[in-house]
Amino acid sequence: MRAIIQRVRSASVEVAGEVVGSCTQGYFVLLGVGPNDDETSCRRLWDKVRDLRVFDDADGRMNLALGAVGGGVLVVSQFTLFADCRRGRRPSFTDAAAPSVARRLYEHFCAIAQRDVRHVGRGVFGSNMQVTLVNDGPFTICLDSDELTGPRRRGDGTKTNE
């Protein structure tokens with residue numbers, strides 16, 4: 001499972017000219033589902049997103065997580081995060097999960113997010129959407145659930161238990 005997380009002041013998504021999801025201060029999340037993802041992938045990724053300390057504290061240091069600032073989330077399904085552009089000029093999307101699997105896990109991700117934050121807005125799975133946002137920073141992080149386990153490595157390549 002892959003996610004692009006943008007810290008935002010506000011974000012909204014429209015389908016056919018109608019706003020279907022939005023959030024104020026918090027995260028705009030583009031969420032891609034791969035063929036080997038499952039509920040555990042959702043939980044691992046959401047736990048990381050929820051606990052990222054990227055909001056400023058009273059001293060102006062990035063030290064606060066989403067819950068500490070009362071932030072919301074807008075989640076939009078984005079199968080193109082699994083685009084394979086190694087050959088030719090037209091991306092292949094065969095590395096993305098089948099739509100039925102992706103829809104189920106997208107909904108599951110949103111449901112577990114709703115347990116932790118005051119507001120979770122959603123896009124409409126499989127629809128042509130127009131997104132508007134004010135990126136705060138700008139601040140953008142790319143996460144892959146497959147890379148969220150195991151020991152961290154220092155700049156010199158050695159492992160650490162931090």
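A nonpolar core is a set of buried Ala, Val, Leu, Ile, Met, Phe, Trp, Tyr and Cys residues joined through side-chain atoms within 4.5 Å. Please keep in mind that this is a predicted model.

Q: Which element gives the largest share of the largest nonpolar core?
A: This core has 30 residues, and M1, Y27, L31, L45, W46, V75 and F109 touch the most other members. Elements giving two or more residues to the core include β1 (2-15), β3 (26-32), α1 (39-51) and α2 (99-114). The largest share, seven residues, comes from α2.

Q: How many disulfides does the structure hold?
A: A disulfide needs two cysteine sulfur atoms within 2.5 Å. For C23, the nearest cysteine sulfur belongs to C110 and is 12 Å away. For C142, the nearest is that of C85, 14 Å away. The number of disulfides is zero.

Q: Is C23 buried or exposed?
A: Buried means under 20% relative accessible area. C23 has a relative accessibility of 5%, so C23 counts as buried.

Q: Is C142 buried or exposed?
A: The cut-off for exposed is over 50% relative accessible area. Because C142 has 59% relative accessibility, this cysteine counts as exposed.

Methods
Residues are numbered from 1 along each chain as its sequence is written. This is a predicted model: local features need pLDDT of at least 70, side-chain atom pairs count only at pLDDT 80 or more; totals for chains, interfaces and linings use all residues. Side-chain values use heavy atoms; hydrogens and water are left out. Buried means under 20% relative accessible area, exposed over 50%, partly exposed in between (1.4 Å probe, protein chains only). Helices (H or I, at least four residues) and strands (E, at least two) are DSSP runs, numbered from the N terminus.
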